[in-house]
Amino acid sequence: MSVYPEVYRLAPEPLDLDALVAEITVPETGAVCVFSGMVRGETNREGYQSSTQRLEYEAYEPMAVAKMQQVAREIRERWPLVQGIAIVQRVGALEVGQNTILIVCASAHRDQGCFEGARYGIDRLKEIVPVWKKDIRPDGVGWIEGHYQPNAADRDDG
Amino acid sequence: MQLKVLLFATLKDRAGANHITLDLPDDSSSVAHVKDALVGRFPALAPSMPTAVCAVNQEFAEANQIVRDGDEVAFFPPVSGGSR
């Protein structure tokens with residue numbers, strides 16, 4: 001457990017970035033990096049084109065929160081000067097443009113891991129935190145599935 | 001033994017249930033065997049099973065892990081949280 005403030009949560013209500021930053025910063029904090037994801041209405045990448053009207057997020061709640069804590073521990077192993085960390089994932093139905101996830105990493109100075117920690121946090125969340133989204137499009141509905149197959153090293157004791 | 005099985009996302013929709021109780025004649029069993037028993041009960045799950053991820057008592061489990069009476073066993077697609 002870190003001496004710095006930490007927040008791990010699945011949120012049925014809209015996220016308040018200012019409040020979250022206030023929650024995880026301390027007087028010694030001088031840099032905060034935030035990754036904020038949102039519902040994208042139009043996707044056009046690598047020849048793939050699609051429109052989204054709404055996303056519905058579902059989570060395996062106790063495991064998701066435990067895996068968020070594991071992601072934060074991994075961030076601290078890699079960037080030991082990181083101070084406060086918050087990982088908050090929205091659940092439920094979200095409209096285009098709405099905030100879906102906040103990953104917040106604080107440090108005393110900007111070169112002490114806050115950027116790297118936030119980037120690692122979102123990449124790792126998409127591998128091991130059990131959350132799924134259902135894509136509601138004008139032409140149909142379908143669960144979006146990831147690709148990552150967890151292995152023994154992804155266990156908290158791994 | 002009796003297992004509490006949880007299903008999420010595509011698997012939940014295919015089975016038409018998000019949690020079921022699975023009774024197996026053995027005292028312990030592998031995750032692979034539980035998977036087979038589950039498909040036996042819900043054949044509609046079959047297409048999702050090759051890529052399904054398993055967690056036992058909320059930790060990732062491989063096919064040869066042993067489960068016992070009272071365990072919570074979850075099956076779900078590879079995760080897709082975060083943004084999009």
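Me: What percentage of the 158 residues in chain A is made up of buried residues?
Reply: This is a predicted model, so burial is judged from its coordinates by counting C-beta atoms: a residue is buried if 20 or more others lie within 10 Å of its own. In chain A, the share of the 158 residues that passes this test is 34%.

Me: Which pattern does chain A follow along the sequence?
Reply: Chain A has three helices and 10 strands. Read in order along the sequence, they give β-α-β-β-β-β-α-β-β-β-α-β-β.

Me: What is the radius of gyration of chain A, and how does it sit against the globule rule?
Reply: The C-alpha trace of chain A spans about 50 × 35 × 30 Å along its principal axes. For 158 residues the globule rule gives 15 Å, and the value for chain A is close to that, so the chain is as compact as a globular protein of that length. The radius of gyration is 16 Å.

Me: Among contacts in chain A between residues at least 6 apart in sequence, what share joins residues at least 24 apart?
Reply: The count covers contacts between residues at least 6 apart in sequence. Of these, the share joining residues at least 24 apart is 73%.

Me: How far apart are the end C-alpha atoms of helix α2 of chain A?
Reply: Helix α2(A) covers residues 61–78, which is 18 residues. At 1.5 Å a residue it should span 26 Å, and the model agrees with this expectation. The end C-alpha atoms are apart by 26 Å.

Me: Which residues of α2(A) are buried?
Reply: A residue needs 20 or more other C-beta atoms within 10 Å to count as buried. In α2(A) the residues that do are A:Met63, A:Ala64, A:Lys67, A:Met68, A:Val71, A:Ala72 and A:Ile75.

Me: At roughly what angle do the axes of α2(A) and α3(A) cross?
Reply: Two packed helices are described by the angle and the distance between their axes. The axes of α2(A) and helix α3 (residues 114–128) of chain A come within 10 Å. Their crossing is right-handed, and its angle is roughly 140°.

Me: Which residues of α2(A) make the contact with α3(A)?
Reply: By class, the residues of this contact divide into five nonpolar, two polar and four charged. On the α3(A) side they are A:Gly117, A:Tyr120, A:Gly121, A:Arg124, A:Leu125 and A:Ile128. On the α2(A) side they are A:Lys67, A:Val71, A:Glu74, A:Ile75 and A:Arg78.

Me: How many residues of chain B are in contact with chain A?
Reply: The elements of chain B that give two or more residues to this side are α1 (9–15), β4 (53–56), β5 (59–61) and β7 (72–76). By class, the side has 11 nonpolar, six polar and three charged residues. They touch 35 residues of chain A, and the number from chain B is 20.

Me: Is B:Gln58 buried or partly exposed?
Reply: B:Gln58 is found in the loop between β4 and β5 of chain B. Beyond its neighbours within four places in sequence, B:Gln58 is in contact with A:Pro62, A:Met63, A:Ala66 and B:Glu72. B:Gln58 has 19 C-beta neighbours inside 10 Å, so it counts as partly exposed.

Me: What is the phi of B:Ala9?
Reply: B:Ala9 lies in helix α1 of chain B and is buried, with 26 other C-beta atoms within 10 Å. Although B:Ala9 is not a glycine, its phi is positive, at about 55°.

Methods:
Residues numbered from 1 in each chain as written. Chains lettered and ligands numbered in written order. Predicted model: local features only at pLDDT ≥ 70, side-chain atom pairs only at ≥ 80, totals over all residues. Contact = placed C-beta atoms within 7 Å. Helix = DSSP H or I, 4+ residues; strand = E, 2+ residues; numbered from the N terminus. Nonpolar A, V, L, I, M, F, W, Y, C, P; charged D, E, K, R; others polar. Expected span 1.5 Å × (residues − 1). Buried ≥ 20, exposed ≤ 12 C-beta atoms within 10 Å, placed from the backbone. Rg over C-alpha atoms; globule rule 2.2 N^0.38 Å. Axes fitted to C-alpha atoms, helices over the stretch in contact; angles between N-to-C directions. Left-handed = near helix turned anticlockwise from the far one by under 90°.
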